[in-house]
Amino acid sequence: MSARLEPCVSIDFDSSALDEVVTKTKDWALMHGVCMRSRQNFSPDSINFAPFVLVPSTFPKKEFEKAIELQTLVNEMIYRIANNYEFLKTTLAITNTVDPFTAQLFKIYTTVQEEGVSQAIDLGLIRSDVMLGAEPEMPLSSFKLRQVEVNTIAAGFGWLGPSSGRLHRFVMQELGHGDKLQQLPENNALEALCGGMLKAWEIYNQPQAVILFIVEDISYNICDQRFHEFEIRKQNPNVRVVRRSLTQLGRGGAVLDAERKLIIDGQEVAVVYFRCGYAPDQYPSADGCEWDARLMIERSKAIKCPSISYHLAGTKKVQQVLAEPGFLERIFDDAEKVAKLRDVFTGLYSLDLNEEGDRAAEMAIENPEKYVLKPQREGGGNNVYGKEVAEVLKQLKDNPERASYILMDIIQPPLLRNWMIRPSTQPMLVDTLSELGIFGVIIGNSKEILHNSMGGHMLRTKIHTANEGGVAAGLGALDSPFLVDL
């Protein structure tokens, strides 16, 4: 039987009271930009409120504070990996032979390394995703942070994370619980992430240069993107943001000049911020123009967020190798830092075609419900769960493609009852589970870190029977933590 947290306040409403607070909160969300475009009925002229849970989710204060404190170490870990060519080359060697997408990214990486890097400074806007986990039948006090993954490209919800907290402050006051607002932590994610971009823009030191957002052809998560743009303008009215897709850039929308400055419509680009480019379907053209654009950006003097090395540092294979004994010690010479990071790692296993990979595959085939099968992909909806883990691994027996996956122990967080509110759907009282994301900002070159900070948080919640919880992918709901002592 799963462990269970208590809701932060009573969620027993009669139908009239529920309808009143839900209707008012939907309107609040629409009028405060807590929104997305509809995938089912897309129109550039309309938005829906983003799915949310009605009250904030109970979360242990001690573990939340541990995640906050740990983030600068996570940032430093990614920085060190991204600046370690031999580590990336060795770690991704087999993956590059079986996963064409990772191989194409690595080809760009090696090309730029051999030519000589034009821009020594990298900007990392990172999000470390964690869940509460414990062995079955253990008490709530035994639940500890377990790292799900580290996102190094297009780590979204810098707007929707903080705005979820504002929405829940409104709800708590409407429900007569204004005295509990101090248990909702402050969240400056938008200011921190945009501040990071502006620090990089200042380092570039060209007052007329712009910040380039790389976006999809259709942006469903439009509010989260646009509010970053508006916040940059708010913090520095002199900085202009332009938005382009990789396809537009690859079809002549950008050029490199003789000094390797990236030029768009006659404007020099200081910082490139990727909100796209992390999945194969975002490079759709037969002539490879999107890949040409990615290489051109990487060759340029613009500061990248992320650079190709930071992108590769966030791959699942790197995460799996770091969890192996002795590998973190290669990255850090500080035993205390290693211990703190290793404390939140969960079980991760290689599926390379060797004895170790065969043992991991057999282990998962025998008990598939205990594991998650992860390909080298970002963006949600890619992982394999339950009985399908065994089915996929049986199909991949003796197939080199198996090495393009890693295996992870499934994390079983405590359940929590809450109302799930989605557009065009009646409120549902359901058991949920949550995933906490902590943002980080790091700027540096291969020799030194120039800036390293924690940058706010976000919480996503899903129905406990759903395998994945990406809100932008249509699988989860916005949430915010309500901190308690367990």
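D398 sits in the loop between α16 (387–395) and β17 (405–409); helices (H or I, at least four residues) and strands (E, at least two) are DSSP runs, numbered from the N terminus. The model is a predicted one, so local features need pLDDT of at least 70 and side-chain atom pairs count only at pLDDT 80 or more, while totals for chains, interfaces and linings use all residues. Residues are numbered from 1 along each chain as its sequence is written, and side-chain values use heavy atoms, with hydrogens and water left out.

What makes D398 worth a look is its backbone: phi is near 65°, a positive value in a residue other than glycine. Most residues other than glycine have a negative phi, and most peptide bonds are trans. D398 is exposed, with a relative accessible area of 63%; here buried means under 20% relative accessible area, exposed over 50%, and partly exposed in between (1.4 Å probe, protein chains only). F157 also has a positive phi, near 80°, and is not a glycine. This residue is in the loop between β7 (144–151) and α6 (160–174), and it counts as buried because its relative accessibility is 6%. Then there is the peptide bond between C305 and P306, which is cis, with omega about 5°. P306 belongs to the loop between β13 (303–305) and α11 (308–313).

On to the charged residues. The structure holds 26 salt bridges, a salt bridge being a side-chain nitrogen of Lys or Arg within 4 Å of a carboxyl oxygen of Asp or Glu. One of them joins the side chains of R4 and D431, at 2.8 Å from N to O. This pair links distant parts of the chain, with R4 in strand β1 (residues 4–5) and D431 in strand β19 (residues 428–444), 427 residues apart. R4 is partly exposed, at 36% relative accessible area, whereas D431 counts as buried at 13%.

K317 and D352 form another salt bridge, their closest N and O atoms being 3.4 Å apart. Again the pair links distant parts of the chain: K317 is in helix α12 (residues 316–322) and D352 in the loop between β14 (348–350) and α15 (355–366), 35 residues apart. K317 is buried, with a relative accessible area of 3%, and D352 counts as buried at 10%.

R460 pairs with E435 in a salt bridge whose closest N and O atoms are 2.7 Å apart. R460 is buried, and so is E435. Both residues also belong to a network of salt bridges that takes in R127 and D129.

What the D122 side chain does make is a polar contact with the side chain of S307, at 3.2 Å. A polar contact is a pair of N or O atoms within 3.5 Å; within protein, one must be able to donate a hydrogen and the other to accept it, and residues adjacent in sequence count only if both atoms are side-chain atoms. Leaving aside neighbours within four places in sequence, the residues in contact with D122 include N83, I303, Y310 and I442, contact meaning heavy atoms within 4.5 Å.

Finally, the helices. The axes of α2 (residues 61–82) and α14 (residues 335–342) come within 10 Å and cross at roughly 105°. That makes α2 roughly perpendicular to α14. Axes are lines fitted to C-alpha atoms, for helices over the stretch in contact, and angles run from 0 to 180 degrees between N-to-C directions; under 35 degrees counts as roughly parallel, over 145 as roughly antiparallel, 65 to 115 as roughly perpendicular and the rest as oblique. At this meeting, E69, L70, L73, V74, E76 and M77 in α2 face K337, K340 and L341 in α14. L341 counts as buried, at 0% relative accessibility. Apart from neighbours within four places in sequence, L341 is in contact with L70, L73, V74, M77, L328 and F332.

In helix α9 (residues 246–253), the buried residues are L246, T247 and L249. These pack against β8 (210–214), β9 (241–244), β11 (262–264), β12 (267–274) and α10 (289–299).
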